[in-house]
Amino acid sequence: MGKETGFLELDRQDRTYADPKERLHHYKEFVIPHAEPALKAQASRCMNCGIPYCHNGCPVNNIIPDWNHLVYEGDWQNALEVLHSTNNFPEFTGRICPAPCEASCTLNIVDQPVTIKSIECAIVDKGWENGWITPQVPARRTGKSVAVVGSGPAGMACAQQLARAGHSVTLFEKNDRIGGLLRYGIPDFKLEKHLINRRAVQMEAEGVEFRTSTEVGVTISVNSLRENFDAIVLSGGAEEPRRLEIPGAELPGVRLAMEFLTQQNKRNAGDDELRAAPRGSLLATGKHVVVIGGGDTGSDCVGTSNRQGAASVTQIEIMPQPPEHEDKLLTWPDWPLKLRTSTSHEEGVARDWAILTKRVQGKDGQVTGLDCVRVEWVDGKMQEIAGSEFTLKADLILLAMGFVGPRKPGLLDQAGVELDARGNVFADTFSYRTSDPKILACGDMRRGQSLVVWAIREGRQAARAVDQALMGASELPR
C-alpha cells in the first residue's frame, strides 16, 4: 500500500452535510465532499490487511484496496478505470449504497472503517469533471438483438454491458423516463437525476435504444418480443407493495410511499401537477404525517414530508429498536443489525419501535388518527402488551412496509415463466435463465426487494449469461 501506517496515524473523517435549516428549503443534494488532500489522506488509511473482506462485502466485488492506493498516489484516472471494471454506475452507489463494504472493512472492528463510499463517489465525479468518461463503442456488431425490460439499475447495467459486447439492445421502460427506482423512488436530495441523464446519453452513443412509455405486456406483447429479439431479459422491480390490512386502511389519506415519492420527483423534473399526480396531488403540507415502516423508503418519506412543510412527522416500525452498537465479535464482517439514523431523521422526526397498527380513525372520509399498540417479541413471536394502546394524530399515513415481489398482470402473466416460493421470477445466478430458455431475469424481479448495488451486479452477470448463450463464449466480466 502507499502508506502502510496511514490507519495508525489518521482517524476516519467522512463527508459532511449542509445544515438542516438550509437544506430543508430545496431538493438538491447537500453532501459537502472532501477536498483532494483530505481524500488522499483518507485513502491512505486502507491497510495492507492481507484478506480484504471489503471485496466480498461489496456485491459488485469492487477492487477497493487498489483504487484506494491509486487515489493516495494521485492517479485518479487509473483509479477510475479500476472502479469501472466492476461497477457501471459508481456515481449511483457512491451516493445511495448503504456501504456493506465499510461494514466488512478490517478497520471496522474498531469502528473506524475506511471511507470507501465517499472515495468511490469522488473518483467517478472527478472522472466526469475531467471528461474521462466517454462512450465505449464496440469495434464490431454481432448481429444479435436483445430486449431488456425495465430500465432500473439492473436493466441499465445489463443493457450497457450487452451493447459494449456488440449486440443490438433495446431497453423498454413503461414510464416516460429511464431510471426506474433510481429516478422515481429515490428523492433528488439523495440522487439528482442529471446523473442518470448523462449515463443515458453515454449508453445511447454505445448503441442502446430506449423505448420509454412502452409497457411490455400492455402496449406491446411478450410474444412480439419473442418474435423480434434473440433474447429477452426481465429486469423490472419488485413493485408489488405490502398492504396495510386493518380497518380504515381504505380511507383516501392512507397512501403508498412510492406514490408519494414519485409525485415529488416528477414535480422536481418539471412536470405539471396533472402529469405528476394524475390521481390527485398527494402532499404533506400542513399535515400530521405518520410513516409506517422503518427502512430507507420510510426515511425518504420523512425527508420529503419535511421539505413539503408537514406539521409533524412520526415514523413507526413493528420490529424492536436495534442496538446502538453491534457486537463486532458476533457480526463482523457481515452486515450488522444496529440503529441507523439517516440525514432525513436528523431533519426532524419522532421515531418509535415495536408498534403494531390496529385501526385507522376517520371522520367524514378523512383520516384523523392511527390506533396502535405496543408489542414485545418473545422467542421470535410478537405479543401485544396489555394496556399499551395509544392513538397517533394523523392526517396522512404513508405505507413504506416493503414489497412482496413483482407485479404479475401483463408482463409476467404473458411471459408465463415459473415463479419461486416468494413470487419472484425463478432463475439461478449463473445462467439467469427462466423456465423459458429465451427469457432471462435479474435484479429485484428475480431476487426480490434489494439494494441498487445488487441490481447492478445481477444486471452485469445476466449480460454475460446472454452473451455466452448467444455467442457460445463471452469476454464480459462477471
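User: Over which ring does the charged end of R447 sit?

Analyst: This is a predicted model. A charge counts as over a ring if CZ of Arg is within 6 Å of the ring centre and within 35 degrees of the ring normal. The charged end of R447 lies 4.0 Å from the centre of the ring in question, which is that of W454.

User: And over which ring does the charged end of K266 sit?

Analyst: Here the distance to the ring centre is 5.3 Å. The ring under the charged end of K266 belongs to Y184.

User: Is the pair of F30 and F189 stacked or edge-to-face?

Analyst: Five aromatic pairs are found in the whole structure. For F30 and F189, the ring centres are 6.4 Å apart and the planes meet at 25°. Planes under 30 degrees apart count as stacked, so this pair is stacked.

User: How many residues apart in sequence are the parts that this pair ties together?

Analyst: F30 is in the loop between α2 and β2, and F189 is in the loop between α11 and α12. Both F30 and F189 are buried. The separation in sequence is 159 residues.

User: What is the angle between the planes of F172 and F229?

Analyst: The centres of these two rings are 6.0 Å apart, and the pair is edge-to-face. The angle between the planes is 85°.

User: How far apart are the end C-alpha atoms of helix α9?

Analyst: Helix α9 has 14 residues, 116-129, and 13 of them are buried.

Terms used. Residues are numbered from 1 along each chain as its sequence is written. This is a predicted model: local features need pLDDT of at least 70, side-chain atom pairs count only at pLDDT 80 or more; totals for chains, interfaces and linings use all residues. Side-chain values use heavy atoms; hydrogens and water are left out. Helices (H or I, at least four residues) and strands (E, at least two) are DSSP runs, numbered from the N terminus. The expected span of a helix is 1.5 Å times one less than its number of residues. Buried means under 20% relative accessible area, exposed over 50%, partly exposed in between (1.4 Å probe, protein chains only). Rings of Phe, Tyr and Trp (its six-membered ring) pair if their centres lie within 6.5 Å; planes under 30 degrees apart count as stacked, over 60 as edge-to-face and the rest as tilted.
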